[in-house]
Amino acid sequence: MDLLRFTTAGSVDDGKSTLIGRLLYDSKNTFEDQMAAVEASSKKRGDENINLALLTDGLKAEREQGITIDVAYRYFATPRRKFIIADTPGHIQYTRNMVTGASTANLAIILIDARHGVIEQTCRHSFIASLLRIQHVVIAVNKMDLVDHSEEAYHKIVDQFKEFSSRLRNIVDVSFIPISALHGDNVVDKSDKMPWYQGPSLLYHLETVYIGSDRNHVDARFPVQWVIRPHSDEYHDFRGYAGRVASGVFKPGDDIVVQPSGFTSKIKAIYSDEKEIDEAFSPMSVAIRLEDEIDISRGDLIAKPNNPPEATQDIEAMICWFSADAPLAVRGKYVLRHTTNEVKAMVKEVKYKMNINNLHKNVDDLTFQLNDIGRISLRTSKPIAADSYQNNRATGSFVLIDEQTNQTVAAGMIL
Amino acid sequence: MNYTIDHLAQLEAEAIYVLRETAAQFENPALLFSGGKDSIVMAWLARKAFWPAKLPFPLVHIDTGHNFEETMTYRDSFVENMGARLIVGSVQASIDAGRVREETGPDASRNMLQTVTLLDTVEKHQYDAALGGGRRDEEKARAKERFFSARDEFGQWDPKNQRPELWNIFNGRKHHGEHFRVFPLSNWTEMDIWMYIQREEIELPNLYFSHKRKVIKRGNSFLAECEYVAPQAGEVVEEKVVRFRTIGDATCTGAVESEADTLDKIIQEVATARQTERGTRADDQRSETAMEDRKKEGYF
């Protein structure tokens, strides 16, 4: 069975929790004791019907305040696929959570309230999906029941979105689906209330969207996580480089180059599941042995000599600032974590901040506060083997960590 | 060429990656091993992650003293087969030392007491990361958990102040006295665990398979009659054909009536189950926020 990771975005009251609840309920992924709890809570709150949104309720603080404070992960499966949902809150100050949820997603569902059309937040959510390079986007026009299931209202929104999204570069595949999460129209089953809509239901789309070409199987990249040295009689000279293939394909006999040192060798054997295998590709976790004894440790990257990544100390990147405690410090020093590597980095320059509600670049106010997104230049203490995020999500991404607090303060995408 | 792997292989690769990150980022990690299916799968994956070397960390069992005998037998043979080191943190010892007070009354359980023993064990051995078999699909508080979950010097979880986790970059940096809980199986569901056990032909404690047992019906579940669980007024001991969906402390882990005596039948049963897995856990049903409250205190 195949696995699809998706994230959901929408503003408060767009019906995001109801949609997830509906997906779980109508696809028969809920349990009796869960439904009993939801029914009891619905009654307690005075809701007229069973409130499916409560299926996604998490913590006490959230229930008391009626909000979602953090990314929650949900799981469901159909006979076709297994799904992991990163359920991120729509509240305005939680850009950080959507960025987090989007970083591992293949697909984003962006909810639009049929009564309100494309609003500032739609723009924000689409921009983040594009920035994080989510290749598949579903625009779910929700609450169609409140606009009399009108084809005209739906098409107006589709046109609005198309006009705006032409400015987003990374989204390669956009689908539009009119739904009513509350009543279940076009969520799991096709609705008979919108005969003018010829497309699939949301779930059918999620089950069948082709994601086979999403991974990069061209550029061979293997960040070394850990060196396996058994020191046993049986495996006396064994030295295996353990890690997860970030992209590309590796085979025994392949010539390799190690970054940033530049040493070269050949692959002697690749191990997975306690035996030798013929090839390794993303996202497999394996161990690689080389023909030569060369100095390789955690943080190094094994690539192929025909297209190695650039080993560089100067990084241009888009970042999203995550810290509520302190703004980004220009000339400030941070720990930069890139693949399994960790170096120090200094912020050389802030180029601009992005107004993600209208995609304008702001060069007047360059102070990065919580949730701000923009472009900066960094200088690292040692070279890192980097690709552009555009080409490689795994070797083009990094986080910045504050050395004093140890908090993760920024997510970065290399340009 | 078709460069894809199925969802179980993806989950396996992710868990192995997290286990290796834990070994690499921490000085002194440990793997919490209860003898339940999730920790068995986690330990199984750990062996693959570091093969042909031995595990670079010990297995730690927090022993409530109220165990099913089968679990203990299984634990000891499993540990021996793995060639692993076993460290036991004893709730009885915590009680004897006056660190905790045993609950009294008919529903008394040592489940809550485990938290203190766990934190004491972490402190005594100076573990800076404890690998746990928790899954996000288990419970709503766990749905918010990170792979790398920071705990303060009191071992507490603050759900409002978690580190954002992006791509597969994990930040395990910490101040002296703090430690991490790490959950390699975060993205696995109960069904994934069973399918993996079947694929890998992992041997399990026989409690998971249908068998005859003397039980007492209490609330929604059947508790096994044993040294620690006796019938209360109005309750009767009856013999039923049951199995356990989760294995924990005998005083709070209920059995379900089931004929499933093979992995195939269990998977069939899980696929059509109408109750969540933890629906038979009395510890979760004490209140709607039972798990959230325990986690904040430092529970698994």
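Contact, on this tour, means heavy atoms within 4.5 Å. With that cut-off, color by chain and pick out the interface: 80 residues of chain A are in contact with 63 residues of chain B.

Some housekeeping before the next click. This is a predicted model, so local features need pLDDT of at least 70 and side-chain atom pairs count only at pLDDT 80 or more, while totals for chains, interfaces and linings use all residues. Residues are numbered from 1 along each chain as its sequence is written, chains are lettered from A and ligands numbered from 1 in the order in which they are written, and side-chain values use heavy atoms, with hydrogens and water left out.

**Stop 1: the interface**

Keep both chains on screen. Between them, chain A and chain B bury about 6400 Å², and 54% of that sits on carbon and sulfur atoms; buried area here is the accessible area (1.4 Å probe) that two parts lose on being put together, summed over both. Select Trp226(A), Glu274(A) and Asn406(A): in chain A these lose the most area to chain B, together 11% of what that side buries.

Next, look at the charges. A salt bridge is a side-chain nitrogen of Lys or Arg within 4 Å of a carboxyl oxygen of Asp or Glu, and 6 of them run between chain A and chain B. For one to zoom in on, take Arg173(B) and Glu342(A), with N to O at 2.7 Å. Which helix of chain A gives the most to the side that touches chain B? Helix 3 (residues 60–65) does, with 5 residues; helices (H or I, at least four residues) and strands (E, at least two) are DSSP runs, numbered from the N terminus.

**Stop 2: the nonpolar cores**

Hide the surface and select Phe6(A), Leu23(A), Ile109(A), Leu132(A), Leu206(A) and Ile373(A). Out of 72 residues in the largest nonpolar core, these touch the most other members. Such a core is a set of buried Ala, Val, Leu, Ile, Met, Phe, Trp, Tyr and Cys residues joined through side-chain atoms within 4.5 Å. Buried means under 20% relative accessible area, exposed over 50%, and partly exposed in between (1.4 Å probe, protein chains only). Strand 4 (residues 107–113) of chain A supplies the largest share of this core, 6 residues.

Beyond its neighbours within four places in sequence, its contacts include Leu23(A), Phe76(A), Phe83(A), Ile109(A) and Leu206(A). A second, separate core holds 60 residues, among them Ala43(B), Tyr196(B), Leu207(B) and Ile266(B).

While you're in chain B, select helix 5 (residues 114–124). Its buried residues include Gln114(B), Thr115(B), Leu118(B) and Val122(B). Helix 5 of chain B is followed by Gln126(B), where phi is positive, near 55°.

**Stop 3**

Over all chains, the structure has 46 salt bridges. Start with Arg22(A) and Asp26(A), paired at 3.2 Å, N to O. Because they are 4 residues apart in helix 1 (residues 16–26) of chain A, about one helical turn separates them. Both Arg22(A) and Asp26(A) are buried.

Then jump to Lys251(A) and Glu279(A), whose closest N and O atoms are 3.7 Å apart. Lys251(A) is in the loop between strand 9 (249–250) and strand 10 (255–259) of chain A, and Glu279(A) in the loop between strand 12 (275–277) and strand 13 (280–281), so this pair ties together parts 28 residues apart in sequence. Lys251(A) is partly exposed at 35% relative accessibility, whereas Glu279(A) is buried at 18%.

Over in chain B, Arg75(B) and Asp76(B) form a salt bridge at 3.1 Å, N to O. To finish with the charges, select Asp273(A), Lys275(A), Glu12(B), Lys48(B) and Glu200(B), which salt bridges with shared partners join into one network.

**Stop 4**

Gln259(A) to Pro260(A) has omega near 0°, and Trp51(B) to Pro52(B) has omega near 5°. Pro52(B) lies in the loop between helix 2 (37–50) and strand 2 (59–63) of chain B.

Last, two non-glycines with positive phi. Asn371(A) has a phi of about 80° and is buried at 11% relative accessible area. Glu201(B) comes in at about 55° and is exposed at 67%.
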